[in-house]
Amino acid sequence: MDINQTLSSYSDWCYGIAVGAYVVAMLFYLYEQAFGYRRRVAAGKRELVAVGAGGSESVEEPEETVLERDNRAERVGKLAVSLTVFGVMLHVAALALRGLATHRAPWGNMYEFGAVLCLVAVGTWLVVLRKYPVRHLGVWVLLPVVVLMFLGGVLLYTTAAPVQPALQSYWLVIHVFTIASGSGILLVPGVVSILYLLKVRKPAWATRLPAADVLDQVAYRATVRATVFAFPIYTAGVIFGAIWAEESWGRFWGWDPKETVAFVAWVVYAAYLHSRATAGWRGGRAAIINIVGMAAMIFNLFFINLVTAGLHSYAGV
Amino acid sequence: VIALLRNTWRGLTSMRTALVLLFLLALAALPGALLPQRSLNAQKVDDYVASHGWWGQLLDRLEFYNVYGSVWFSAVYLLLFISLVGCLLPRSLDYAKAARGKPVITPRNLARLPHHHETTVDATPSEVMATAKERLKGWRLQEREEEDGARSISAERGYLRETGNLVFHFAMLGLIIALAIGKMYQYEGQVVVLANGSQFCNSGTLSYDTFRPGLRVDGTDLDPFCVKVDDFTANFLPTGQADYYRADIEYQSGEDLTTNTWRPYKLEVNSPLRTAGDRVYLLSHGYAPVFTVTFPDGKKRTHTTQWRPVNQMTYLSEGATKFDPPGVTDPAQRRQRQLAITGLFAPTAVMQGDLLGSAFPDMRDPAVAIDVLKGDLGNESGRGQSIYEVDQEMVDSGRLKRVARENMRPGDQITLDDGTKISFDGVQRWVYLQVSHDPSQVWVLVFAVLIVLGLGTSLVIKRRRLWVRAVPADGGTVLLLGGLARTDQAGYGEEFGRVTEDLLDELVPEREHADAVTGRET
């Protein structure tokens, strides 16, 4: 089975344009956040004016200008979401083309794994967006995605190729996809937890982050629900990995570095779920645990793959 | 003392302790990923210790190279195990009680619940109750008469949540126990077998090159089976990347051993042979050059010894094929005339000057670059020696001397000064097999599946309560509804709204749908 070079280069173009779309979407989200924020300040001032003046006529004019600006920010925000969706479509196309070019599941090396993980993360973000009013967080969610995809595309890029015998198994489809999905979903609550923590702790430089009321309530609930949703998926992914390891390496668990850190991350997320049931651990501390969990995931992806040598290293990456 | 014990027990089984222990477990597992581990690569550990001086030795003494068998790691997971048991016992009792218990009594003021609705209907209280019961099929119900003539139903649903939770935790316990049993009775051995019809039988630890037994395995009672490796096929892409490996083997176990029946099997990387309760894996492969030595007296000896790949990409291999002179009984005489052929083998030879290199892992143009050594191999020195090398000490002390150096292709022959002829006949392949035995691993799988199922159930299903109260009023009934989710409010509002809607549709047939009820979340 030969590699289809044409499809492979189409895939690379889609990947590139998808990253571009995400970057532009980020700028738009940023615009909305910046101007949406000023609107809130202006609205506060208007109330002060209204109270101070005691009359209704003097307030009307500033209110109108404020609303106009608000609308534009809102439109830009919606445009950002459309761009994100556009990016996701190209992202899907990039993976699909790569799969067609190589006649296998398009997650056989680190570059492709990162692409799947990021796709799931952006997808999760869009789903969260439908349920919770958190559009202003968009730039912060897309930031790690864009960074990961940039690193993947520039440093870890691998030419489309078949995989070696150890990876030729239907477990590649099942295990790697489940793990990428679990990790991708968990990326979103991880990022939101960082914002949450910054907002709760209120360091001086973080004042421009979205309003505390929205972030505290909604973001926290979205975080919990996304983590709760992803945890069983991730658990299943680890177990699929163990089943595959039994078939391929001769044992289901051997404390290979990748397995170890996957176990560590699993324990951390288990602790996160337990923390919700323990008084005094909700909120800030739970957010810290979530961040630690995400840190373990990222450590597992980069450090373990690139620095330590384990059974999970295939063809360098 | 009892108080102390009780307090220790309580402290140990509290959720806060469990959390701390979970973190300790995560922390304790981490060094295993960062430091080399004896169980994975003993050589790497020795190198690490050697290159890190006192620090490396301190880590060694603190069992950092054997994290998962260390005292401190065991301590953490044993404490966690106790904590888990201590948490599960009371919860199971509560669960058993709740399973027989009745839904709690209807609160006095339903309007204070997060979800509530109030309306007046024409139906009588008993009609209302009947309709409500019909609608709340599948819920656990308890109907009560209240003091002022009102009647109420308490309904509760989602008991499976706690079931799933308990299943998850008990499956954890089961998994740990199954793992422990596995550690007792498992064994694992590796062996090199030539792919020329050679046989391997799982008869004892001596048949293996390396063997790692479980704590209760002494190697006398291995599952009997035999494997015969007939052929090995490897296919490589033009880049040198492996495409597939396949060993054509035959095996016999159980009845077949007595009737000497061989069954064929295609052993591949992701498809181990499962027989007699053991698994046979194809781990890797390599080349074994075939040399024939014709001694001056005309006697011939042919040896096929595996050489080990030194480069995994090109399969350039090194090794030592050793010969004893035939018909020499005097040990001193023999030690003068032993032969060793050592050097490099390349499956696809490229010459870089005089140096032999390999360009491709497949056998396209095989060649060897050999030294022939003659003298005392040191087999009787009492020291163990590698089959891939000659004993360097024998060379250094001059008891093993180089008598020839040559590059050869298959069919080439050289003649030594004393008339000994050495010919390079060809190359055979060998496979590296692993035999694994773990009687409890199927139980580990069962518990792992239960873990996922329990986890899913406990996270998806919500425990929720609903109350219906019918208070008799002039010409009808005041119907009050209240709802409360016990764990997570999210999503319960819609369900409460649906129940209310259905009840009202049933009780007020002519009702217009304009004022659709939705459960309010507060």
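Trainee: Why is the pair Arg429(B) and Asp362(B) called a salt bridge?

Mentor: A salt bridge is a side-chain nitrogen of Lys or Arg within 4 Å of a carboxyl oxygen of Asp or Glu. The N to O distance between Arg429(B) and Asp362(B) is 2.9 Å, so the pair meets that definition. Arg429(B) lies in strand β21 (residues 421–437) of chain B, and Asp362(B) in the loop between β17 (355–358) and β18 (367–375), 67 residues apart. Helices (H or I, at least four residues) and strands (E, at least two) are DSSP runs, numbered from the N terminus.

Trainee: On what basis do these values rest?

Mentor: This is a predicted model, in which local features need pLDDT of at least 70 and side-chain atom pairs count only at pLDDT 80 or more, while totals for chains, interfaces and linings use all residues. Side-chain values use heavy atoms, without hydrogens and water; residues are numbered from 1 along each chain as its sequence is written, and chains are lettered from A and ligands numbered from 1 in the order in which they are written.

Trainee: What makes Arg429(B) buried rather than exposed?

Mentor: Buried means under 20% relative accessible area, exposed over 50%, and partly exposed in between (1.4 Å probe, protein chains only). Arg429(B) has 13%, and is therefore buried.

Trainee: What places Glu74(A) and Arg135(A) among the salt bridges?

Mentor: Their closest N and O atoms are 3.7 Å apart. Glu74(A) belongs to helix α2 (residues 57–102) of chain A, and Arg135(A) to the loop between α3 (110–131) and α4 (138–154), 61 residues apart. Glu74(A) is partly exposed at 32%, and Arg135(A) is buried at 17%. Over all chains, the count is 32 salt bridges.

Trainee: Why is the ring pair Trp171(A) and Phe240(A) described as tilted?

Mentor: Rings of Phe, Tyr and Trp (its six-membered ring) pair if their centres lie within 6.5 Å; planes under 30 degrees apart count as stacked, over 60 as edge-to-face and the rest as tilted. The count is 28 aromatic pairs over all chains. For Trp171(A) and Phe240(A) the centres are 5.9 Å apart and the planes at 40°, so the pair is tilted. Trp171(A) lies in helix α5 (residues 170–201) and Phe240(A) in helix α6 of chain A, 69 residues apart.

Trainee: What makes Tyr287(B) and Phe345(B) a tilted pair?

Mentor: Their centres are 5.2 Å apart and their planes at 45°, so the pair is tilted. Tyr287(B) is buried at 0%, and Phe345(B) is buried at 0%.

Trainee: How do you know that chain A and chain B are in contact?

Mentor: Contact means heavy atoms within 4.5 Å, and 52 residues of chain A are in contact with 45 residues of chain B. Buried area is the accessible area (1.4 Å probe) that two parts lose on being put together, summed over both; here the value is about 3900 Å², with carbon and sulfur atoms giving 69%. Pro165(A), Phe252(A) and Trp255(A) lose the most area in chain A, together 15% of what that side buries.

Trainee: Which salt bridge joins Glu246(A) to chain B?

Mentor: Arg274(B) forms one with Glu246(A), the closest N and O atoms being 2.8 Å apart. The count between chain A and chain B is two salt bridges.
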